[in-house]
Amino acid sequence: MKILIINGPNLNLLGKREPEIYGKQSFEEYFETLQNAFPQIELSYYQSNIEGELVDKIHEVGFNYDGILLNAGAYTHTSVAISDAIAGVTTPTLEIHISNIYKREEFRHKSIISKECIGMISGLGLKGYELGIQYFLQS
């Protein structure tokens, strides 16, 4: 099984950025934990602050991976291009958010990408990624 985690803008600052919302652990540290917890999975990680690079990565893996866990960051609320990329590939995509987007600013309450995703995990911290992997294992 091959699963790719894609993180969008500013998620490279996890562990430093607003720790009261996003926690104190970097994603790279957390990713090692995931790899150790799921050794049977070919688990990859990609992060970019650039919308087009996220679209390119979805296109690259979207026909030969078993699942994508996508935290599009702020692009969740603005990117028709990312939504179209998800719609254009066959790999199922699960939307992930570390914080509960519905407990935050009103503009974060709308996800443009949700209608193309198989589901959403929001507000459970980094644990949401683990739950997403478990979902794909059980599907």
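Author: Contact, as used here, means heavy atoms within 4.5 Å. In that sense, and not counting residues up to four places away in sequence, Leu 69 touches Ile 3, Leu 4, Ile 5, Ile 6, Leu 94, Ile 96, Tyr 129, Gly 132, Ile 133 and Phe 136. The model is predicted: local features need pLDDT of at least 70, side-chain atom pairs count only at pLDDT 80 or more, and totals for chains, interfaces and linings use all residues. Residues are numbered from 1 along each chain as its sequence is written, and side-chain values use heavy atoms, with hydrogens and water left out.

Helices (H or I, at least four residues) and strands (E, at least two) are DSSP runs, numbered from the N terminus. Strands pair if DSSP finds at least two bridges between them. Strand β3 covers residues 67–71 and pairs with β4, residues 93–97, in the parallel sense over 3 bridges. Within β4, Thr 93 is the residue that Ile 68 stands opposite. Both strands belong to an open sheet of 5 strands, ordered β2-β1-β3-β4-β5, with parallel pairing. At its edges are β2 (42–47) and β5 (119–122), each of which pairs on one side only. From one strand to the next, the twist averages 20 degrees.

Next come the helices. Axes are lines fitted to C-alpha atoms, for helices over the stretch in contact, and angles run from 0 to 180 degrees between N-to-C directions. Helix α2 (residues 27–37) lies across β1 (2–7) and β2, at about 170 degrees to β2. Helix α3 (residues 51–61) lies across β1, β2 and β3, and runs at about 175 degrees to β1. The axes of α3 and α4 (residues 80–87) come within 9 Å and cross at roughly 0 degrees. The two helices are therefore roughly parallel, a term for angles under 35 degrees. Among the residues making this contact are Leu 54 and Ile 58 of α3 and Ile 82 and Ile 86 of α4.

Finally, a nonpolar core is a set of buried Ala, Val, Leu, Ile, Met, Phe, Trp, Tyr and Cys residues joined through side-chain atoms within 4.5 Å, where buried means under 20% relative accessible area (1.4 Å probe, protein chains only). The largest such core has 21 residues, and Leu 69 is one of those with the most contacts inside it. Its largest share, 4 residues, comes from α2. A second, separate core of 17 residues includes Ile 6, Val 61, Leu 70 and Ile 86.

Terms used: Angles under 35 degrees count as roughly parallel, over 145 as roughly antiparallel, 65 to 115 as roughly perpendicular and the rest as oblique. Buried means under 20% relative accessible area, exposed over 50%, partly exposed in between (1.4 Å probe, protein chains only).
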